Amino acid sequence: MDFVYPDAALIAGVDEVGRGPLVGAVVTAAVILDPQNPIDGLADSKKLTEKKRERLFAEIQEKALYWSIGRAEAAEIDQINILQATFLAMQRAVAGLPVRPGFVLVDGNKAPDFGVPAQAVIKGDGLVPEISAASILAKVTRDREMAELDKQFPQYGFAKHKGYPTALHLEMLAQYGVTEHHRTSFGPVRRALAGISK
């Protein structure tokens, strides 16, 4: 299915990465592409290899008219819940653009208030190039942060599981406890804090 674009001069695509992990920030990106400088190979970041994502990450930063990264930290997620924190991070990404877009397209079924017209697009990261570009920027940014966290806490395996609740991550949580980067409102982390194994 082809997506029909709204009639707006500057369209920003927005996507998030990191709603499901037990550790770290939820990271978002907003991207306004240059119609005169197209980027080949844009797709849902989850369907691209790491090598291709890294290449496109650099190309998007070089060729897009404007881009911005937004985030909400683990403490904010614990305070306001993951959905509201995701919306906050999206709003921060759009606010971080050096220009105000005429329209915002968001991956998913809900869009927060950006102060400009916006539309949620289900599976937009595979349909809308601007959202695809945003998903790539957000994923590479967060994956790099997990690689850095892995250096600080090598025993947890963050570079492997990116903070998601894999068997390895849950095992390491039980063995080593909770770091200051974990989301204490998430069930597995709460249980680890309480000393409950399951």
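**Ground rules**

I number residues from 1 along each chain as its sequence is written, and my side-chain values use heavy atoms, with hydrogens and water left out. Since the model is predicted, local features need pLDDT of at least 70 and side-chain atom pairs count only at pLDDT 80 or more, while totals for chains, interfaces and linings use all residues.

**Entry 1: salt bridges**

I looked up salt bridges first. I counted a side-chain nitrogen of Lys or Arg within 4 Å of a carboxyl oxygen of Asp or Glu. The structure holds 11 of them.

I started with Glu 54 and Arg 144. Their closest N and O atoms are 2.6 Å apart. Glu 54 sits in helix α1 (residues 50-63) and Arg 144 in helix α5 (residues 129-152), so this bridge ties together parts 90 residues apart in sequence. I took helices (H or I, at least four residues) and strands (E, at least two) as DSSP runs, numbered from the N terminus.

Next I checked exposure. I call a residue buried under 20% relative accessible area, exposed over 50%, and partly exposed in between (1.4 Å probe, protein chains only). Glu 54 is partly exposed at 30%. Arg 144 is partly exposed too, at 39%.

The N to O distance is 2.6 Å. I noted 25% relative accessibility for Glu 145, which means partly exposed. Arg 71 has 26% and is also partly exposed.

Glu 76 lies in helix α2 (residues 74-80) and Arg 92 in helix α3 (residues 82-95), 16 residues apart. Arg 92 is partly exposed at 35%. I also found one network: bridges with shared partners join Asp 44, Lys 46 and Asp 125.

**Entry 2: aromatic pairs**

I turned to rings. Rings of Phe, Tyr and Trp (its six-membered ring) pair if their centres lie within 6.5 Å; planes under 30 degrees apart are stacked, over 60 edge-to-face, and the rest tilted. I got 3 aromatic pairs.

How do the rings of Phe 153 and Tyr 156 meet? Their centres are 6.1 Å apart and their planes stand at 80 degrees, so I wrote down edge-to-face. Both Phe 153 and Tyr 156 are buried.

Tyr 156 also pairs with Tyr 176. This pair is tilted, with 5.9 Å between centres and 55 degrees between planes. Tyr 156 is in the loop between α5 and α6 (158-161) and Tyr 176 in helix α7 (residues 167-176), so the pair ties together parts 20 residues apart in sequence. For Tyr 156 I noted a relative accessible area of 2%. Tyr 176 is partly exposed at 42%. Ring pairs link Phe 153, Tyr 156, Phe 158 and Tyr 176 into a cluster.

**Entry 3: strand β2**

Last, I asked how many residues of strand β2 (residues 26-32) are buried. I found 7 of its 7. Val 26, Thr 28, Ala 30 and Ile 32 point one way, and Val 27, Ala 29 and Val 31 the other.

Then I looked at its partners. Strands pair if DSSP finds at least two bridges between them. Strand β1 (residues 11-17) runs antiparallel to β2, with 5 bridges. Glu 16 has Thr 28 of β2 as its bridge partner. Strands β2 and β3 are also antiparallel, joined by 7 bridges. There, Ala 29 stands opposite Ile 69 of β3.
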